[in-house]
Amino acid sequence: MNGEISKSSAQPLSVENAKELLNSVDAFLFDCDGVIWKGEKLIDGVPQTLDLLRSHGKKLVFVTNNSTKSRKQYAKKFHSLGIPVNEDEIFSSSFAAAMYLKVNDFPREKKVYVIGEEGILEELEQAGFTALGGPADGKKNIELKSNCLFEHDKSVGAVIVGLDQYINFYKLQYGTLCIRENPGCLFIATNRDAVGHLTDLQEWPGAGCMVAAICGTTQKEPITVGKPSTFLMDFLLQKYNITTSRMCMVGDRLDTDILFGQNAGCRTLLVFSGVTNESTFQDFSKEVQPEYYTNSIADILKYI
């Protein structure tokens with residue numbers, strides 16, 4: 001570990017504080033990208049670490065800002081990587097977006113336009129909403145010519161923007177028109193992560209750049225439902241009878257994972273296996289401080 005980091009209020013994980021953390025926490029909340037895996041590659045030591053925590057009676061919950069998959073699709077990914085995880089242990093930003101509409105009594109006759117991928121569409125369908133857009137609109141083109149009027153569905157009452165590898169000019173125009181011209185149309189962001197480990201070797205643009213594009217064209221700020229918003233925490237608290245002070249949020253991002261944990265009153269553990277490394281932590285740490293930091297969650301095996 002870099003010696004400079006220990007000068008901050010955050011502490012490196014050690015034998016002493018790891019055991020104290022284990023004994024004082026009933027549930028561990030894990031981010032996925034950069035903590036459990038990078039792209040389709042599992043991070044070394046993760047299955048053994050999760051097995052150890054389960055053997056100590058800890059509840060494990062997976063809270064991800066990546067909206068490209070639904071909870072059901074994420075459960076399949078976990079199983080394909082050899083990790084048994086139930087769908088109800090997964091809380092994704094795609095699920096959060098659908099639940100935001102549900103708890104706020106979004107009219108069933110209204111439609112939802114999606115700048116995002118299948119995960120959002122599937123969660124909206126599960127919640128009983130009618131969705132438009134998604135990957136299918138990634139194949140549509142626009143002809144910019146005289147007397148061209150771009151038509152959009154006037155019954156769209158919400159636009160949800162998430163990570164979208166199929167984003168194009170058509171989607172940007174459609175979402176913009178809905179927000180600007182449909183009375184009361186909601187602008188919802190699954191999350192605003194700048195980048196993410198979509199493959200094991202590189203960071204890629206995150207949902208934040210898609211959201212920023214719509215912010216720019218509409219001159220409006222979205223309702224953000226993913227981390228660091230504590231909207232998902234409301235569902236966690238309903239499901240698990242555990243106070244937030246006895247939860248530990250484990251993540252690789254200070255501005256989403258760690259801030260989410262702090263906002264909710266959880267204990268926090270930052271890992272350097274994803275977006276944040278020792279150098280970027282030192283630059284950012286004055287604004288958001290984790291309680292503990294370590295290289296990866298596999299280090300827990302060494303200390304417990």
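**Exercise 1. State how helix H4 and helix H8 pack in this predicted model, and which residues make the contact.**

Step 1. Helix H4 covers residues 93–103 and helix H8 covers residues 231–239. Helices (H or I, at least four residues) and strands (E, at least two) are DSSP runs, numbered from the N terminus.

Step 2. The two helices pack at an angle of about 80 degrees, and their axes are 10 Å apart. Axes are lines fitted to C-alpha atoms, for helices over the stretch in contact, and angles run from 0 to 180 degrees between N-to-C directions.

Step 3. H4 and H8 are therefore roughly perpendicular to each other (angles under 35 degrees count as roughly parallel, over 145 as roughly antiparallel, 65 to 115 as roughly perpendicular and the rest as oblique).

Step 4. H4 contributes Phe95, Ala96, Met99, Tyr100 and Val103 to the contact, and H8 contributes Phe231, Leu232 and Phe235. Contact means heavy atoms within 4.5 Å.

Step 5. Sorted by class, this contact of H4 with H8 holds 8 nonpolar residues, no polar and no charged ones (Ala, Val, Leu, Ile, Met, Phe, Trp, Tyr, Cys and Pro count as nonpolar, Asp, Glu, Lys and Arg as charged, and the others, Gly among them, as polar).

On the source: this is a predicted model in which local features need pLDDT of at least 70 and side-chain atom pairs count only at pLDDT 80 or more, while totals for chains, interfaces and linings use all residues. Residues are numbered from 1 along each chain as its sequence is written, and side-chain values use heavy atoms, without hydrogens and water.

**Exercise 2. List the buried residues of helix H9 and give the share of buried residues in the protein chain.**

Step 1. Within helix H9 (residues 254–264), the buried residues are Leu254, Thr256, Asp257, Ile258, Phe260, Gly261 and Ala264. Buried means under 20% relative accessible area, exposed over 50%, partly exposed in between (1.4 Å probe, protein chains only).

Step 2. Just after H9, Gly265 takes a positive phi of about 85 degrees.

Step 3. Of the 304 residues of the protein chain, 56% count as buried.
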